[in-house]
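Please follow each group of points in the viewer as it comes up.

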Amino acid sequence: MDSLEQLIALDRQHVWHPYAAMPNPLPVFPVRAAKGVRIELEDGRSLIDGISSWWTCIHGYNHPRLNQAAHAQIEKMSHVMFGGLTHRPAIHLAKKLIDITPDPLQHVFFSDSGSVAVEVAMKMAVQYWHNRGETHKNRFLTIRSGYHGDTFAAMSACDPVNGMHHLFSGLLTEQYFADAPQTRFGEVWQERDIESFETLLKENNNNIAAAIFEPIVQNAGGVRFYHPEYVRRASELCKQHNVLLILDEIATGFGRSGKLFACEYANVSPDIMCVGKALSGGFMSLAATLATTHISETFSSGEAGVFMHGPTFMGNPLACAVALENLNLLESYDWQSTVATIESHLKTALKPCHNLKAVKDVRVLGAIGAVELHNPVNMAVVQPQFVERGVWLRPFGRLIYTMPPYIIEPDELQAITSAIYDVVSGLETN
Ligand SMILES: Cc1ncc(COP(=O)(O)O)c(C=O)c1O
């Protein structure tokens with residue numbers, strides 16, 4: 001048996017972590033178990049997870065109903081290929097997704113991760129125009145400060161500065177970037193906000209297959225909450241200029257913003273929608289791309305006669321069975337009140353952060369709370385400080401944020417917001 005020190009040394013030497021250096025990565029914390037909202041470290045410490053394992057485990061870890069769904073499915077089959085075969089978990093999950101998303105979305109393409117769901121959406125949009133003989137429509141309009149994943153097409157639609165596009169120039173398709181929306185959620189709408197989107201669309205719609213963006217919440221691009229009118233106007237403009245609309249609900253979907261899907265704030269229904277993260281219940285990787293019949297019906301008659309995509313683990317039965325139970329669970333209680341309670345706690349408890357000199361802004365929407373600092377966070381310093389206080393948060397850039405599991409208890413949420421206040425008050429500014 002390896003000692004804990006040996007394990008950590010092996011990890012340090014051989015295992016690459018997300019957005020990590022190699023060699024000399026920042027320290028990582030070995031985990032031996034997780035249950036409810038708690039992550040148990042190998043050294044016995046217990047951490048309250050304030051970010052739901054990157055926004056996925058909305059019902060916490062080791063949930064008995066999700067475990068039961070997984071066990072029941074394993075007894076039948078954990079995987080079978082999806083080409084030429086089908087199964088109940090995928091069929092029932094697809095039906096559930098169609099029932100809970102905006103009505104025109106009728107067709108579901110399963111994939112393994114959010115980034116792939118975005119790749120699928122972008123490819124679907126390009127192939128749709130190809131099917132219709134409009135092969136020149138193969139670029140995308142998006143908005144600055146967005147994030148859509150780390151694969152190449154998804155990356156091409158991420159914010160060019162945050163996404164460090166210059167590193168991959170020549171490989172990344174150049175897309176059209178509208179200015180990021182400035183009118184915040186809850187403020188009075190400013191008409192000039194949509195101008196750059198409108199101009200780009202007017203001038204380039206002949207080349208543009210679709211507009212793609214995250215509705216209402218730009219999460220990884222800076223936890224920015226913007227005005228629903230932007231989404232509504234962008235949707236109208238897309239229709240007017242014969243461009244499809246792809247909404248990326250991978251971070252916002254399944255209640256996180258306070259609505260089941262953030263596009264509901266704007267009463268907008270996209271042509272294509274991406275979901276992932278919370279869909280999976282945080283259990284295993286799963287994502288989906290949904291499309292309207294208007295999109296899907298062009299595929300049989302196009303040059304290829306089919307949609308040119310088919311991942312090996314598409315529609316994995318185990319992931320689908322657990323995701324279905326996760327959505328049944330979500331429907332079984334009043335999640336709107338749960339999220340509203342989290343929102344009101346976050347608003348009250350994070351408000352005092354406004355008075356700290358390191359803080360530039362504090363923002364809350366649904367079960368999302370963010371404290372933006374004047375300076376970038378020093379992860380090597382800040383991460384252990386949260387661990388010492390018994391909470392797990394993963395700040396990035398100038399942001400310390402929380403997106404807790406919906407099952408979190410008030411005292412646990414209090415522990416998170418107090419830790420944020422404590423750690424931020426200890427930061428120096430110039
Ligand atoms: C809005 C959005 N789209 C896509 C992705 C990519 O998802 P994944 O990390 O599962 O590939 C993310 C991940 O943070 C996201 O927030």
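In this predicted model, β1 is joined to strand β2 (residues 38-41) by 4 bridges, and the two strands run antiparallel. Within that pairing, Ala 34 has Ile 39 of β2 as its bridge partner. These two strands belong to an open sheet of 4 strands, ordered β1-β2-β3-β15, in which the pairing is mixed. The edges of the sheet are formed by β1 (31-35) and β15 (391-392), each of which pairs on one side only.

**The rest of the sheet**

- Strand β2 is also joined to strand β3 (residues 46-49), here through 3 bridges, and the two run antiparallel.
- Ile 39, which is the bridge partner of Ala 34, also stands opposite Leu 47 in β3.
- The hairpin made by β2 and β3 has 4 residues between its strands, and in this hairpin Gly 44 adopts a positive phi near 95°.
- The pairing of β3 with β15 is parallel and extends over 2 bridges, with Asp 49 standing opposite Trp 392 in β15.

**Backbone geometry worth checking**

- The peptide bond that leads from Met 22 to Pro 23 is cis, with an omega near 5°, and Pro 23 is found in the loop between α1 (4-14) and β1.
- Trp 55, although it is not a glycine, has a positive phi of about 75°, and this residue is found in helix α2 (residues 52-55).
- For context, most peptide bonds are trans, and most residues other than glycine have a negative phi.

**Surroundings of the ligand**

- From the backbone, an N or O atom of Gly 114 lies 2.9 Å from an oxygen atom of the ligand.
- From the side chains, a polar atom of Asp 248 lies 2.7 Å from a nitrogen atom of the ligand, while an N or O atom in the side chain of Lys 277 is 3.2 Å from an oxygen atom of the ligand.
- On its own the ligand has 390 Å² of accessible area, and the protein covers 83% of it.

**The second largest pocket**

- About 240 Å³ of space lies in the second largest pocket, and the elements that give two or more residues to its lining are α3 (64-76), α4 (88-100) and α10 (317-331).
- Which element provides the largest share of the lining of the second largest pocket? That share comes from α3, with 4 residues.
- The residues that line the second largest pocket are Ala 69, Ala 72, Gln 73, Lys 76, Arg 88, Pro 89, His 92, Ala 321, Leu 324 and Glu 325.
- Sorted by class, the lining of the second largest pocket has 5 nonpolar, 2 polar and 3 charged residues.

Technical notes:
Residues numbered from 1 in each chain as written. Predicted model: local features only at pLDDT ≥ 70, side-chain atom pairs only at ≥ 80, totals over all residues. Heavy atoms only, no water. 1 Å grid on protein atoms, 1.4 Å probe; cavity = no way out; pocket = protein on both sides within 12 Å on 5 of 7 lines; lining within 4 Å. Points joined across faces, edges and corners; volume = space filled by probe spheres on them. Nonpolar A, V, L, I, M, F, W, Y, C, P; charged D, E, K, R; others polar. Polar contact = N/O pair within 3.5 Å; in protein donor to acceptor, adjacent residues only side chain to side chain. Areas by Shrake-Rupley, 256 points an atom, 1.4 Å probe, with all protein chains shown as cover. Pairing = 2+ DSSP bridges.
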